[in-house]
Amino acid sequence: MSITLISKEGAQFLVSKPVADRIGVVRDCAYGADFWLGYAVATDDSMGITLANVTSSILSKILVWCEHYKDMEPLVDGDSNMEFPEWDMAYIGHDMNQILFVLEAADYLHIPGLLLLACKGIADVLDGRNPRGICDLLGIVMDFSHRQEVDMDKENGYWRWFLHPT
Amino acid sequence: MTRVTIENLPNELLVHILGTDFLNVRDILRCSRINSRFHSIVSSTVEIQYRLLLLQSTLVNNDAISSELLPLSQRFKMLRAHRAAIDRLDPTRCLQIPVGIPVGYVPGPTYELVDGIYARGIHNWYDSFFTRAITFVILPSVVLNIEEAEGWTVDLGMTIHDFAIEPLMDLLVVVEALPQHLPAPPVFPIHFMTMREGRPHPDARLESVEFTVPGTAHMVEHGEYLFIINVCGDLVGVLFRPRVLGIAHHLAIWNWRTGQHIWTYNAPPPMCIDSFAFLDIRHILLAASHEPLSEFTFDVVRIDEEPFVEFCFHPPELSMGLNIPTPILRSSPCRVPPTGRLIAKPVLPPPPFYSDPAPECRIFSLSLLFEYGQWLQMRAFRVQGRRRYTLFAPASLFLNPAPGLIPSTVSATHIPWSWWAPRTRWLECSTDPTNTHVCYTFGTRHVRWAAPTRGAEAQSSPFGPSPTPSLPPSRCVQLLTFPPPSLPVPPSEYVALAPPITSFQPMPVFAEQVDSELPYTVQTAGDIEVGLEECEGLCVDGFERIIGLEARDEGDEEALTLTVCVF
């Protein structure tokens, strides 16, 4: 049994059931209906599921992840000590733009494991950078006045022990 | 492909990114400085704020309670109220709790206070001074939602010297007082029981283990030994410390669950072991003196398969006219969960958050007494003045004093005073009342009685002139908070020891200091105001309570009440 997914551009992707199962939205669409209506709506090949917010390039990237995890359980709950498998880290990479696309799509498609991996990817990119560095990297404009910065320094008085250890 | 920036993302996704555990606190704080949107997200997200506040309080969230049962927002509210109360030393409740002692019994000299459970050894009024039963009181708690104190008494069915409790494992360790039959050496059976019923502990394979004092054939008097019992996970350590000179000190460690004897350290006179504490499940810290007599060291002993001294922390090199008796060692207890499952249930319900057990967050206090005077004919020392300092150091300093330094397995690595003293915090405690049984330090907080200090306190070194005896000033409760655990030492500092210091200038450096001049007073049933300042001892327990011990009601000598301030 397979399902057709249609990207934003209209490209069609034929995926098998275990792969599609990883995508929450598709699972709900295809099989959830079974529960409510008594018959499955989208199990028929001819009908596709349109994913209007996901471009073809990102969808194909996400399907790589789904393909990899079709038989395994991905991590869905992480703490700072948890190590992702090497494959995951290589998959997510260090390209911030790419990670953000994956993150957005994973959120839209309800893929908790991939969402967590994307967060880990972002955390790794941000790790050890100072605010100005992050702004440059992400193209964000700092909108604090000098006054506000001084206030924040005061407000976080305690945290100076963490930020600037003696 | 169009470019997404992080700014286009909806707030929920940003919260998700910032709220995962992958970003450490420093990165979260940095992100909050990016722009006002990130700042408002960080400061208005309960999960993130809860994490920051936990870290600031050196607490950890109890993941064993699911967030459906107790949402993080509720925990955050609870923690914030608790912090606000303790930071201003403004208790939520102050109350007097009578310790319910059964008729015919009187309180004895032994007591324990762990996790808000007060245990008092009691004995028959007509009987000897040996403890026969123990009365327990669970003190009220805001965090655990315990409104009323609850008490019970356990009859041990034997006489004991001393006991220790560990509510996490419902464990009561007692040292039995057996009559000695000469010429046999004295034997001390150590029993592992439950706190609730006083029965043999279901998780201990052996009901009791025995310690036979080696090489002693004399009659051991009552009170000849002082017992220090510490529990850490599966390990129980008992220090047999004689009160008189010329008798050997013994420290014995067992695994209470298997009954396996792990280590015994005998210190024949003139050596002595003053106290010991568990640093973690593999290391203990000993305050022991060696030859020559005046020289003591703090020894870190590894008690794995083949116990050996890993590090020796040396005292300052003494100048003429200065003497340091063996110091007193107090520790925030090393509380680790037992390995594997227990049949016994914890005595208290699980807290929503608890003190961080990381070695950086467990502060040990070492009480050093500097005596200065004159050496008479190179032997006797005539004391002219004394000054007491309390030195605070996290367990991590003893476990890993110089990062990158690999401890030798054949001989102890010696750590000179000039290296480790500057890495500790100091407090002058010459005027503090010394109650050797009470631990004032818990986690990274230290509570003490003190004279109210306004502005800088004049500091003088112990090498200076002797202090003029002053009248005891009106006392206040002082709460000192240590700076958060420092970050890993950069590699440039590895092994390269700090330059030796020639003069010792104690510099107390604390992140926060709160004085509370309010003596907390409570109305008793007879409309008498009882204040903390009337109590004999002061105790900080868990992170929640300050307890005044043994405030006795006038007229009733036998009654025992605790003055408890819950935060």
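Modeller: First, a cut-off: angles under 35 degrees count as roughly parallel, over 145 as roughly antiparallel, 65 to 115 as roughly perpendicular and the rest as oblique. This is a predicted model, in which local features need pLDDT of at least 70, side-chain atom pairs count only at pLDDT 80 or more, totals for chains, interfaces and linings use all residues, and side-chain values use heavy atoms, with hydrogens and water left out. Residues are numbered from 1 along each chain as its sequence is written, while chains are lettered from A and ligands numbered from 1 in the order in which they are written.

Biologist: What makes H6(A) and H1(B) roughly perpendicular to each other?

Modeller: Helix H6 (residues 112–126) of chain A and helix H1 (residues 11–19) of chain B have axes that cross at roughly 70° and come within 9 Å. Axes are lines fitted to C-alpha atoms, for helices over the stretch in contact, and angles run from 0 to 180 degrees between N-to-C directions. The roughly perpendicular class spans 65 to 115. H6(A) and H1(B) are therefore roughly perpendicular.

Biologist: Which hand does the crossing of H6(A) and H1(B) have?

Modeller: The crossing of H6(A) and H1(B) is right-handed. The rule: left-handed if the near helix is turned anticlockwise from the far one by less than a right angle, right-handed if clockwise.

Biologist: Which residues in H6(A) and H1(B) meet?

Modeller: On the H6(A) side, A:Leu115, A:Cys119 and A:Ile122; on the H1(B) side, B:Leu13, B:His16 and B:Ile17. Contact means heavy atoms within 4.5 Å. The residues of this contact divide into 5 nonpolar, 1 polar and no charged. Ala, Val, Leu, Ile, Met, Phe, Trp, Tyr, Cys and Pro count as nonpolar, Asp, Glu, Lys and Arg as charged, and the others, Gly among them, as polar.

Biologist: Now chain B. Why is H4(B) called oblique to H5(B)?

Modeller: Helix H4 (residues 46–56) of chain B and helix H5 (residues 72–87) of chain B cross at roughly 40°, with axes that come within 9 Å. That angle makes H4(B) oblique to H5(B). The crossing is left-handed. The contact of H4(B) with H5(B) divides into 7 nonpolar, 3 polar and 4 charged residues. Among those that meet are B:Tyr50 and B:Leu53 in H4(B), and B:Phe76 and B:Leu79 in H5(B).

Biologist: Why is A:Ile6 called buried?

Modeller: A:Ile6 has a relative accessible area of 17%. Buried means under 20%, exposed over 50%, partly exposed in between (1.4 Å probe, protein chains only). So A:Ile6 is buried. A:Ile6 lies in strand E1 (residues 2–6) of chain A. Residues that A:Ile6 touches include A:Ala11, A:Gly48 and A:Leu51. In chain A, buried residues make up 44% of the 166 residues.

Biologist: How many helices and strands are in chain A?

Modeller: Chain A has 9 helices and 3 strands. Helices (H or I, at least four residues) and strands (E, at least two) are DSSP runs, numbered from the N terminus.

Notes. Lists of a residue's contacts leave out its neighbours within four places in sequence.
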